[in-house]
Amino acid sequence: MTDLSKYRNIGIFAHVDAGKTTTTERILKLTGQIHKTGEVHDGESTTDFMEQEAERGITIQSAAVSCFWKDHRFNVIDTPGHVDFTVEVYRSLKVLDGGIGVFCGSGGVEPQSETNWRYANESEVARIIFVNKLDRMGADFFRVVKQTKDVLAANPLVMVLPIGIEDEFCGVVDLLTRKAYVWDDSGLPENYEITDVPENMLDQVEEYREMLVETAVEQDDDLMEAYMEGEEPSIEQLKACIRKGTRTMDFFPAYCGSAFKNKGMQLILDAVVDYLPSPTEVDPQPLMDENGEENGEHAIVSADETFKALAFKIMDDRFGALTFVRIYSGKLNKGDTILNSFTGKTERVGRMVEMQADDRNELTSAQAGDIIAIVGMKNVQTGHTLCDPKHQVTLEPMIFPVPVISIAVAPKDKGGSEKMGIAIGKMVAEDPTFQVETDEETGETILKGMGELHLDIKVDILKRTYGVDLTVGQPQVAYRETITKAVEDSYTHKKQSGGSGQFGKIDYIMKPGEVGSGFSFKSSVVGGNVPKEFWPAIEKGFKGMMDTGVLAGFPVLDVEIELLDGGFHAVDSSAVAFEIAAKGAFRQSMPKAGAQLLEPIMAVDVFTPDDHVGDVIGDLNRRRGMIKDQMAGVTGVRVKADVPLSEMFGYIGTLRTMTSGRGQFSMEFAHYAPCPANVAEKVIADVKALNAKK
């Protein structure tokens, strides 16, 4: 039996370029998992094994690796930093017990760090903070610690202090033991010595140690009382308090170092062992009833319980389909039959593997706390619960953001259609934020995603991995339609053509619903003018029309229908007649109710050097952006704005030109807002012209 208290399921997450993948590489090297460290800038890192990742120097999909440190087993997931792939961070956090938030020593808390931190807060994942790249120009550990307080509203607990800064950074002082760890210039992680604190740092070390002790003892009333009376707690007592506070997220132990130069990494690994929770110490996952509500039961992390697991990622590689699974309860053996509670179908477990990025080790069994991959599952998708067929349960599912951008694609050669269909099918299973649909009128294949880079990578994967060359159309924005005023109306559907006819009359009010309410229907018909059995058909008719608005055929948001009265015919009225009446009523009344086009607004976060702030803000204003906030940092300014997605295509090129290549930005969907009249007219005219061509 494996001792679960020695398990650590952790994720490494941060903004693009803060050094997550390099940190993962160093952890693997230190724990003896790899013998040669691969560098991201050479395209040789272990966890960035996709061609696109190696080329672009970014992480696109989360990768899982296992390693050991001081008798503890780490399951580490390296996640992407780019905003277009945040779904990878979100779903990884969902199955992790702890995390390392990496921040760049000079860049500080950057846009994507905020999003990832927010996801981690929502998933209630305990974290330690690692301020990386302290050897870089402009690095400042204390400034970044302050930013985590101000920007992330986190409570950092400083555990180490840096010795030297920028070029002179050579090590750290451990505040608990009051010992200095100093590395030489060889770049080898094992070449360090433990010495006394440098004399010029003695006062600073005592000041920060006092703050550390005061914060830690708040977790234990008896220790706090003793400390107030002048009794110094032991290091073991302090560690127990820090572990407790980290687990409850009262504070986040903060470390620093340089992953690239191999300085400070051992202390991070020790902190994972000492302070991050094991699978049994995390609040167990809630179980759901048929309506998706919590039923009061939980998936207790224990090998003695019945089997419960969550599929959190599907990946297709050269060996076939892999389903990544986090086991919460029970055991799983090769050859077992398990139930997918979402589909109600059972599947047999053929092969189970432990992942080492793109290598794998065969397993015969796994148990609660493990993160493994199962080979060849047929009908499992991301977020599905796998369980014991005799004890059906459902774990809390995952909710994914809706795609906001689409492109039309077509294979360059005629034979590519079938190949493309199979490839896209596999890719949609892997990534829930990547969707595909066929335009019924033109037969075009439409790909939908989270941003330009997201779709760009998907087209690249289709070409390289699956050998499908595509012709790609211009990006399209996912507009929506809604109504702006209430209208009371009446509609009669009458059809007579030999034999029984069709008749349905409805009187109703159509009015704008609450933002985000979608579609709602109620009936206040009194008496039998519209018999009750026809109400569902009327609701179905109205609801079915929400997919295509009257302005340009975009889906409709937030409409409320109230059925007031109507009329029926004893022979000719039927459910079908009333459904057709409701559809006709929707078409008739939506223009009267002030139909309006809505456009997706993106929360844009731009980093720019000081001397280009005016240019960046001017450009965002020209793009119809609303500036929300400006924050000055040491190396530049962050500008936050809400900008329509339609104005953001190709923005990265403009930003780089304006800022001599030094600007960065990230954006994510914020909300839908009404289109200005001139923009709406152009969009509607374009759609009509396109339809006329068809």
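## The Glu599–Arg624 pair

The side chains of Glu599 and Arg624 form a salt bridge at 2.7 Å, N to O (a salt bridge being a side-chain nitrogen of Lys or Arg within 4 Å of a carboxyl oxygen of Asp or Glu). Glu599 sits in strand E34 (residues 596-608) and Arg624 in the loop between helix H14 (613-622) and strand E35 (626-632), so this pair ties together parts 25 residues apart in sequence. Helices (H or I, at least four residues) and strands (E, at least two) are DSSP runs, numbered from the N terminus.

This is a predicted model, in which local features need pLDDT of at least 70 and side-chain atom pairs count only at pLDDT 80 or more, while totals for chains, interfaces and linings use all residues. Residues are numbered from 1 along each chain as its sequence is written, and side-chain values use heavy atoms, with hydrogens and water left out.

How accessible are Glu599 and Arg624? Glu599 counts as buried because its relative accessibility is 2%, and Arg624 is partly exposed at 26%. Here buried means under 20% relative accessible area, exposed over 50%, and partly exposed in between (1.4 Å probe, protein chains only). Arg624 also has a positive phi of about 65°, although it is not a glycine.

## Other salt bridges

Across the whole structure, a search finds 24 salt bridges. One of them joins the side chains of Arg326 and Asp97 at 3.1 Å, N to O. Arg326 belongs to strand E15 (residues 320-329) and Asp97 to the loop between helix H3 (86-94) and strand E4 (98-104), so the pair ties together parts that are 229 residues apart in sequence. Both Arg326 and Asp97 are buried.

Glu362 and Arg351 also meet through their side chains in a salt bridge, at 2.6 Å, N to O. Glu362 is in strand E20 (residues 359-363) and Arg351 in strand E19 (residues 351-356), 11 residues apart. Glu362 is partly exposed because its relative accessibility is 45%, and Arg351 is partly exposed at 31%.

What does the side chain of Asp370 contact? Asp370 lies in the loop between strand E21 (365-367) and strand E22 (371-375), and its side chain makes a polar contact with that of Tyr7 at 2.8 Å. A polar contact is a pair of N or O atoms within 3.5 Å; within protein, one must be able to donate a hydrogen and the other to accept it, and residues adjacent in sequence count only if both atoms are side-chain atoms.

Asp370 is buried yet has no salt bridge, and the nearest side chain of opposite charge, Arg73, is 4.3 Å away. Lys and Arg count as positive and Asp and Glu as negative, with His and the chain ends not counted.

Asp558 is found in the loop between helix H12 (535-544) and strand E33 (559-567). Asp558 is not a glycine, yet it has a positive phi of about 55°. At 10% relative accessibility, Asp558 counts as buried.

Cys387 is placed in strand E23 (residues 385-387) and is buried, with a relative accessible area of 0%. Cys387 and Leu339 are 48 residues apart in sequence but 5.2 Å apart in space, C-alpha to C-alpha.
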